[in-house]
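Walk through this model from the whole chain down to single residues. Keep the viewer open as you read.

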Amino acid sequence: MRRLLVLLLPAIAVTVNGCGERTGAITPAANPEGLVTLDDNAQRHAGITVTAVEMASRAEYTEAPGVIALDERHTARIGSLVEGILLETTAEVGDRVNAGQVLATMHSTVVHEAWAGYRKAIAERRRLEKELAFAVTAHERAQRLYADKALSLQDTQRAEADRVAAAEALDMGRTEVRRSEEELEHLGITNAEDPTGESGEQIPVKAPMAGVVLERLVTPGTAVTTGTALYVVSDLSALWALLEIDESLLSHVKVGQPIQVRVAA
């Protein structure tokens with residue numbers, strides 16, 4: 001609330017008609033203290049209104065130009081993970097999509113390399129499983145022979161060492177299989193332990209979040225490289241209003257202050 005005190009001083013005017021006579025002359029009365037006194041008629045001619053001082057509030061508005069923008073926290077700019085060729089697009093601008101929904105499919109030589117690595121890891125794991133089974137059987141046989149005093153302690157210990165080494169090698173083989181599976185999963189391919197690779201020859205481009213497709217930046221047949229922009233998907237349930245406020249007006253903006261946004265549309 002601001003106190004507003006307005007003091008209006010009269011402007012005393014004398015009008016002279018065409019004959020040289022004074023009309024509407026206002027002659028204020030003066031006193032020794034220097035005060036000017038106007039009667040009611042003089043105040044009326046001077047346009048002076050007297051009223052009591054009151055408390056009043058005045059709203060202050062700060063206007064600033066701005067734009068409506070996407071909430072970047074809920075916007076996904078989807079790019080290509082690998083180099084390849086876009087085969088098909090299944091989502092168009094304006095479509096509402098769910099998280100994990102396939103927007104397009106790609107073909108890349110990276111897929112064949114990933115499948116080759118996976119098949120090799122599967123074959124190696126199976127070989128190591130057989131070696132471990134053989135080492136376990138040999139160790140058990142060595143223990144029986146040693147108990148019958150038909151085998152030396154050194155040979156028994158060697159059989160045990162072979163079993164331990166086979167077990168460690170199998171652990172490494174399983175780790176390599178898991179690494180190959182993760183490589184396929186990174187490309188969006190579920191292997192389901194398919195050594196033939198027939199379960200996934202194409203790379204799906206999936207929406208990482210639910211929202212609306214705002215941009216489709218590629219068409220079928222487009223050759224892309226790693227990082228090429230493909231789609232823009234955003235959740236439009238909340239948007240940002242970005243305002244450009246002059247530095248001299250920053251003191252007028254407070255946290256929690258109500259704001260009215262008007263758009264041309």
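How many of the residues in the protein chain are buried, as a percentage? Buried residues make up 24% of the 265 residues. Here buried means under 20% relative accessible area, exposed means over 50%, and partly exposed lies in between (1.4 Å probe, protein chains only). The model is predicted: local features need pLDDT of at least 70, side-chain atom pairs count only at pLDDT 80 or more, and totals for chains, interfaces and linings use all residues. Residues are numbered from 1 along each chain as its sequence is written, and side-chain values use heavy atoms, with hydrogens and water left out.

Now the secondary structure. The protein chain has three helices and 16 strands. These are DSSP runs, numbered from the N terminus: helices are H or I with at least four residues, strands are E with at least two. Contact means heavy atoms within 4.5 Å. Of the contacts in the protein chain with a separation of 6 or more, 72% join residues 24 or more positions apart.

Next, the interior. A nonpolar core is a set of buried Ala, Val, Leu, Ile, Met, Phe, Trp, Tyr and Cys residues joined through side-chain atoms within 4.5 Å. The largest one has 29 residues. Ile78, Val97, Leu103, Met106, Leu187, Leu230 and Tyr231 touch the most other members. Several elements each supply at least two residues of this core: strands E8 (75-79), E11 (102-107), E12 (203-206) and E15 (229-234), and helices H2 (109-147) and H3 (153-186). H2 gives the largest share, six residues. Apart from this core lies another, of five residues, among them Leu132, Ala135, Ala166 and Leu170. In soluble globular proteins, nonpolar side chains tend to be buried together.

Leaving out residues up to four places away in sequence, Val97 touches Ala91, Leu103, Ala207, Met209, Ala210, Gly211, Val213 and Val233.

Turn to the helix pair. The axes of H2 and H3 come within 8 Å and cross at roughly 160°. Such axes are lines fitted to C-alpha atoms, for helices over the stretch in contact, with angles from 0 to 180 degrees between N-to-C directions. H2 and H3 are therefore roughly antiparallel to each other. The cut-offs are under 35 degrees for roughly parallel, over 145 for roughly antiparallel and 65 to 115 for roughly perpendicular, with the rest oblique. The crossing is left-handed: the near helix is turned anticlockwise from the far one by less than a right angle, whereas clockwise would be right-handed. By class, the contact has 20 nonpolar, six polar and ten charged residues. Ala, Val, Leu, Ile, Met, Phe, Trp, Tyr, Cys and Pro count as nonpolar, Asp, Glu, Lys and Arg as charged, and the others, Gly among them, as polar.

Lysine 149 is exposed, with a relative accessible area of 76%.

Alanine 138 is in H2 and is buried at 19% relative accessible area. Alanine 138 and threonine 156 are 18 residues apart in sequence and 9.2 Å apart in space, C-alpha to C-alpha. Glutamate 113 also lies in H2, but is exposed at 55% relative accessibility. Its C-alpha is separated by 9.9 Å from that of leucine 184, 71 residues apart along the chain.

Finish at leucine 242, in strand E16 (residues 239-243). Leucine 242 is partly exposed, at 42% relative accessibility. Leucine 242 and valine 67 are 175 residues apart along the chain, yet their C-alpha atoms are separated by 5.4 Å. Leucine 242 touches Pro65, Gly66, Val67 and Ala69, not counting residues up to four places away in sequence.
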